[in-house]
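Here is a short briefing to read alongside the coordinates. Please keep the viewer open as you go.

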Amino acid sequence: MATLADFRVRLPEFDTYTDARVQLFLDDAALVMNSPGKWMDVYDPAQVYLAAHWLYAALKTEAGDAGALAPVSHKETNDVVIKRAVGTSNVSADDFGSTSYGKRYMFYRDMMFAGPVGI
């Protein structure tokens, strides 16, 4: 399992967060990911990126933003139109596609669990 030190080395942009806060999300990620044996060598980085995704989502919630993390490309209400230049974005049902950390987690998850399961 990933350690707090692993998290800090891989993602220094979260250095302003306390160790207890980061460890909380690492522990949550470990609970969800279950057995490290199923993930083989990618368990630690996947755990770090899942924790970072949730930590970033919590940051947005702390700031009072309870909306989507993904950028708005076009929204229209009455006479108000909001447009932003963004690339195409496939936000998954789990919303992992809304952050770069969640996308990296999905990369590892899909690498380990995509494809045929039985014979």
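Met40 sits in the loop between α3 and α4. Keep in mind that this is a predicted model.

**Loop residues with positive phi**
- Met40 has a phi near 55°, a positive value in a residue other than glycine.
- Met40 is exposed, because its relative accessible area is 59%, and the exposed class begins over 50%.
- Asn34 belongs to the loop between α2 and α3 (36–39).
- The phi of Asn34 is near 70°, again positive in a residue other than glycine.

**How α2 and α4 pack**
- Two packed helices are described by the angle between their axes and by the distance between those axes.
- Here, α2 (residues 19–33) meets α4 (residues 43–62) at an angle of about 125°, and the axes are 8 Å apart.
- That angle makes α2 oblique to α4.
- The crossing of α2 and α4 is right-handed.
- On the α2 side, the contact residues include Val22, Phe25, Leu26 and Ala29, while on the α4 side they include Ala46, Leu50, Trp54 and Glu62.
- By type, the residues of this α2 and α4 contact divide into 15 nonpolar, one polar and three charged.

**The Ser98 side chain**
- Ser98 is located in the loop between β2 (80–83) and α5 (100–113).
- Ser98 counts as buried because its relative accessibility is 10%, and buried means under 20%.
- From its side chain, Ser98 reaches the backbone oxygen of Asp95 at 2.7 Å.

Technical notes: Residues numbered from 1 in each chain as written. Predicted model: local features only at pLDDT ≥ 70, side-chain atom pairs only at ≥ 80, totals over all residues. Heavy atoms only, no water. Helix = DSSP H or I, 4+ residues; strand = E, 2+ residues; numbered from the N terminus. Buried < 20%, exposed > 50% of the residue type's maximum accessible area, 1.4 Å probe, protein only. Polar contact = N/O pair within 3.5 Å; in protein donor to acceptor, adjacent residues only side chain to side chain. Axes fitted to C-alpha atoms, helices over the stretch in contact; angles between N-to-C directions. Parallel < 35°, antiparallel > 145°, perpendicular 65-115°, else oblique. Left-handed = near helix turned anticlockwise from the far one by under 90°. Contact = heavy atoms within 4.5 Å. Nonpolar A, V, L, I, M, F, W, Y, C, P; charged D, E, K, R; others polar.
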